[in-house]
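Before this model goes into any further calculation, I would like to set down a few remarks for a colleague to read alongside the coordinates. Please take them in order, with the structure open.

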Amino acid sequence: AALQPGIKASAQYQEEVADRAASNDDAETLSPTSGEPIPVDYLPFTPHVLCHMHPAELWKEDRNTAEFQAMLSTLGIWLKEQIETRTRYKPEEISELTFAVNFGPRMSAPDVAAVVRLKSPQTDQEFMQRFKGRIYADPKVELYEAPDFSYMIIDDKTFAIAPSNMSESLAMSMKDPALLSSDMEPL
């Protein structure tokens, strides 16, 4: 009778090991390193931090995303405001969004750029109405300079954003994409 508890513990232990192995397999499928690399084309600088997301999936109206948004609380509200302010689109309209952050001198605000991939194609007229900026001087690049941000049109579903003082760097990113740091490359 004394061996019986040990046998149960052993069976329970084996079950826990199997559960952990299955859990690890699940975690590996969710790993950010398994899949296509995050595209860094059209960024005007080498980023220190990248945040790649699928806003249309995060803000769709269903129970799971509502719970996720509630869990984000004020961070989610702030993020939605930032997306709308910077991109001029609602998160539900954006298929993929890559934010890049570059930290400058201490005590200064970081530079934030983004590449937006929309769910639906847009016309040049629709882009002009949303971005409301003057056209950049270089005719090889379709770039609008608004007072706060510059917007470079890549195609009918893709555009890049940078602070308005980075228009030249943003235009140059069309030919020379940003490079990742050696620490970020494997991710």
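1. Confidence. This is a predicted model, and the protein chain averages a pLDDT of 84, with 86% of the residues scoring at least 70. Among the elements, strand β7 (residues 158-163) has the highest mean pLDDT, at 96, while α1 has the lowest, at 66. Where pLDDT is low, the predicted coordinates should not be read in detail.

2. Overall build. The protein chain has six helices and seven strands, which run from the N terminus in the order α-β-α-α-α-β-β-α-β-β-β-β-α. Of the contacts with a separation of 6 or more, 57% are made by residues 24 or more positions apart.

3. Surface and burial. The accessible surface of the protein chain comes to about 12100 Å², and 55% of this area belongs to carbon and sulfur atoms. Of its 187 residues, 32% count as buried.

4. Most residues other than glycine have a negative phi, and most peptide bonds are trans. Y42, although not a glycine, has a positive phi of about 70 degrees; this residue lies in the loop between α1 (3-30) and β1 (49-53), and its relative accessibility of 19% is under the 20% limit, so Y42 counts as buried. S73 also is not a glycine and has a positive phi, here of about 55 degrees, and is found in the loop between α3 (63-72) and α4 (74-87). With a relative accessible area of 42%, S73 is partly exposed.

5. Aromatic pairs. How many aromatic pairs does a search of the whole structure find? The search finds eight. In one of them, the rings of F131 and Y144 have their centres 6.2 Å apart and their planes at 50 degrees, so this pair is tilted. Because F131 lies in helix α5 (residues 124-131) and Y144 in strand β5 (residues 143-145), the pair ties together parts that are 13 residues apart in sequence. F131 counts as buried at 0% relative accessibility, as does Y144 at 4%. The rings of Y151 and F159 are likewise tilted, since their centres are 6.3 Å apart and their planes stand at 55 degrees. Y151 is buried, with a relative accessible area of 0%, and for F159, which is buried, the value is 0%.

6. The ring cluster and an arginine. Ring pairs link Y89, F127, F131, Y144, F149, Y151 and F159 into a cluster. The face of one member of this cluster, Y89, has R130 lying over it, at 3.8 Å from the ring centre.

7. Setting aside neighbours within four places in sequence, R134 is in contact with L143, Y144 and E145. For R134 and Y144, which are 10 residues apart in sequence, the distance from C-alpha to C-alpha is 5.4 Å. Y144, in strand β5, is thus a point where two of these remarks meet, because this residue is a ring partner of F131 in the tilted pair and is also in contact with R134.

Definitions and conventions. Residues numbered from 1 in each chain as written. Predicted model: local features only at pLDDT ≥ 70, side-chain atom pairs only at ≥ 80, totals over all residues. Heavy atoms only, no water. Helix = DSSP H or I, 4+ residues; strand = E, 2+ residues; numbered from the N terminus. Buried < 20%, exposed > 50% of the residue type's maximum accessible area, 1.4 Å probe, protein only. Contact = heavy atoms within 4.5 Å. Areas by Shrake-Rupley, 256 points an atom, 1.4 Å probe, with all protein chains shown as cover. pLDDT = per-residue confidence, 0-100. Phe/Tyr/Trp six-rings, centres within 6.5 Å; stacked < 30°, edge-to-face > 60°. Lys NZ or Arg CZ within 6 Å of the ring centre and 35° of its normal.
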